Amino acid sequence: MKKLCLVLTVIIFSTSPNFAQSDSVKTTLSEVLVTATRTSTPAFEVGSSYSIITSEQIKREQLNNVVDVLRELPGISVVQQGGPGKIANVFMRGANPNHTLVIMDGVVLNDPSSPNNAFDFSFLNTNDIERIEVVRGPQSTLYGSDAMAGVINIITKEGTSHPQYSFLGETGSNGYYRGNLSALGSYGILNYAVTATRNGSHSVSAADSRYGNSEKDGYSNDSFMSRLGLALAKNISIDLLYKYIKANTSLDQSEKFGDDPNYTYDIEEQLFKGGISFSILDGVWHQSLNASLIKNFSRSLDLPDQFRPNTSLDAFGKAQRIKYDWQNCLNLINNNLITFGIETSTEEARTSSYSNSDWGPYNSVFPETSIRTTGIYLQDQINISNSFFASIGIRHDNNQKFGGTTTYRIAPAYFISSTSTKLKMSYGTGFKAPSLFYLFDPQYGNPNLKPEESKGWDLGVEQYTANNSIMIGITYFNLKFENMFGYDSNYREINIARASSHGVEFTASLRNNRNLSLDASYTFTKTMDDYNDGTDDFNKPLLRRPENQFSINANYRFNSRMDLNMQIQYVGKRDDKDFSDFMDIKRVTLPDYTIVNFAASYKLLDYLMLNARLENIFDKQYEEVLYYGTLGRSFYAGIALAF
């Protein structure tokens, strides 16, 4: 690592830092990224590896859920247990799903009632999303726990200066339906954004139909979002957010012949946030104060039936997280921005599970428990000659149970204007606090657990050419995880496991007169289980992470009225486990697969758009998780009205 830092330093300072940045480059890299630094920062200044997906891209590709948006990004693999509406997890750079922090407008979404705090993406629609920012690599310095591999930041829509009202209706294969209403606008000092969505499907069998499972496992999803902004003065604004989600899905057992006609999962979630932002000292000192509350309730219910008379389950979880944060940005001298803040959050959860099976009855009750964590952070962003940029940060978190932990991060970038070349690097540490369940569960918990830890670095280059309409980038990354949670001989949680991953992310994009756009990415990820527990997992790849992934997306616009979009996704072989026989659990290899999707839209009138898309054109049969089903060839069509 020291040698790489030295090489980068030599490269940076052996090249003159006095190039003037050209206007064309400024235009090309004028995107603003918030997540990497918690401040609005031009993309060409960011040393981190990142992706930005806008609402316009989502609209062109006709992506109606966040799961499908994330599938095409470098460094990310997605698995879903049984098709749309079912549990969906994200693996970033080979890390576990609970090693990625998910936030929406600053509110942490990771579930406190989940044993490992992982976030389930299955119920997140895209209709109220303005953009999604993904930053890869450890980000705990700015965001605290769970950001060991990266952060996914979902930013919702805000009010517009001119009123916009829209309706979207869609139907298609497997009884699919979607309806969305939205209103965006402003009135005086008030701006508003309101959306309401209902969608669902009869879907397919959650247990793969290729093994004879035929019972349909549908889902339904209702969501509402309201975001209000008040511009009280030139330098004072208030932001209020409320989001509600209620989802229901049918499940199957996780086995080869898993059909279960009355196994259901329900979730209800509410999110509240209020914040005020203001500047003093002629804009030198900007502050923001925020308070948020997220509450969720979930229930899994499986009653005995004629096919499974000895199987039943009644489990529920109730959780909430209250968070307060105060962030400050000081611009005391030119080309230097200091950011510091303090945040404190309290997590609370209780769960219970009552079940019967061929193995007999099993009951588990986790009583209501809470824990508080407080963190302080400091970051300095520098700009030298508009060519060399760096952010350096440190953070300390104090948890009332396990005590304190300190993380740090540095992310330099150097832009060579004469060749339109960007060199970038980042190095950071991350941590994951043990969940309430891992700490306090009466049977499996361990109050002496310490946080999981990660160290990660990446090094990359981005090259712009053809009048900056073409970008090619490559990044090497390396991640190590220590003190990971595992089990002792009595199945109590302990800090014992280790893992690692490294690989390469390749990206390319083409923009041609706004008519043609093309985005491609390839990710090679090599993971390894470094924990020698006497099983055959030692020195083997981590489960469900493909070594090779490829995605290409091409869009062409005709006469500003018709859009054609083609998407190709390749997922390579990956290991999974067959748990159907608990006395003989086997490691298996799932085959690779390629999925091709096509979408088209036509603007019939200024206010009327016709949409159609065909997914899995070649009707590829595949599994993302062993014995779980996926959609075959599917067709969808709809209309969109906008005024």
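Accessible areas here come from the Shrake-Rupley method with a 1.4 Å probe. In this predicted model, the protein chain exposes about 28200 Å², and carbon and sulfur atoms supply 57% of that area. Of its 643 residues, 53% count as buried.

The overall dimensions come next. A compact globule of 643 residues would have a radius of gyration near 26 Å, and the protein chain, at 24 Å, agrees with this expectation. Along the principal axes, the C-alpha atoms fill a box of roughly 75 × 60 × 45 Å. The secondary structure consists of six helices and 33 strands. Among contacts with a separation of 6 or more, 62% are between residues 24 or more positions apart.

In soluble globular proteins, nonpolar side chains tend to be buried together. The largest nonpolar core in this chain has 48 residues, and those with the most contacts inside it are Leu-70, Phe-121, Leu-124, Ile-132 and Ile-152. Leaving aside residues up to four places away in sequence, Leu-124 touches Asn-65, Val-66, Met-104, Leu-109, Phe-119, Ile-154, Lys-243 and Ile-245. Another core, of 10 residues, lies apart from the largest one and includes Ala-319, Ala-349, Leu-436 and Phe-485.

Tyr-165, Phe-167, Leu-181, Tyr-602, Leu-604, Leu-605, Tyr-607, Leu-610, Ile-639 and Phe-643 make a nonpolar patch of about 920 Å². Tyr-607 is placed in the loop between E31 and strand E32 (608-615). With a relative accessible area of 39%, Tyr-607 is partly exposed, because that class lies between the buried limit of 20% and the exposed limit of 50%.

Charged side chains form a further set of links. Side chains of opposite charge can pair when their charged atoms come close. The structure holds 35 salt bridges. In one of them, Arg-131 is paired with Glu-133, the closest N and O atoms being 3.0 Å apart; Glu-133 is buried, at 0% relative accessibility. Arg-198 and Asp-222 meet in another salt bridge, at 2.6 Å from N to O. This pair links distant parts of the chain, since Arg-198 belongs to strand E12 (residues 190-201) and Asp-222 to strand E13 (residues 219-233), 24 residues apart. Arg-198 is partly exposed at 43% relative accessibility, and Asp-222 is partly exposed at 24%.

Lys-577 and Asp-537 form a salt bridge with their closest N and O atoms 2.7 Å apart. Here too distant parts of the chain are linked: Lys-577 is in strand E29 (residues 574-578), and Asp-537 is in the loop between E26 and E27, 40 residues apart. Lys-577 is buried, with a relative accessible area of 17%, and Asp-537 is buried at 12%. A network of salt bridges links Arg-38, Lys-323, Glu-343, Arg-395 and Asp-397.

Most residues other than glycine have a negative phi. Asn-539, however, has a positive phi near 65°. Asn-539 is found in the loop between strand E26 (516-529) and strand E27 (548-558), and is partly exposed at 43% relative accessibility. Tyr-627 likewise has a positive phi, of about 75°, and is found in the loop between E32 and strand E33 (634-642). Tyr-627 is buried, with a relative accessible area of 12%.

Terms used. Residues numbered from 1 in each chain as written. Predicted model: local features only at pLDDT ≥ 70, side-chain atom pairs only at ≥ 80, totals over all residues. Heavy atoms only, no water. Patch = residues over 30% accessible without salt bridge, like charges linked within 9 Å, V, L, I, M, F, W, Y side chains within 5 Å. Salt bridge = Lys/Arg side-chain N within 4 Å of Asp/Glu carboxyl O. Helix = DSSP H or I, 4+ residues; strand = E, 2+ residues; numbered from the N terminus. Buried < 20%, exposed > 50% of the residue type's maximum accessible area, 1.4 Å probe, protein only. Rg over C-alpha atoms; globule rule 2.2 N^0.38 Å. Contact = heavy atoms within 4.5 Å. Core = buried A, V, L, I, M, F, W, Y, C linked by side-chain atoms within 4.5 Å.
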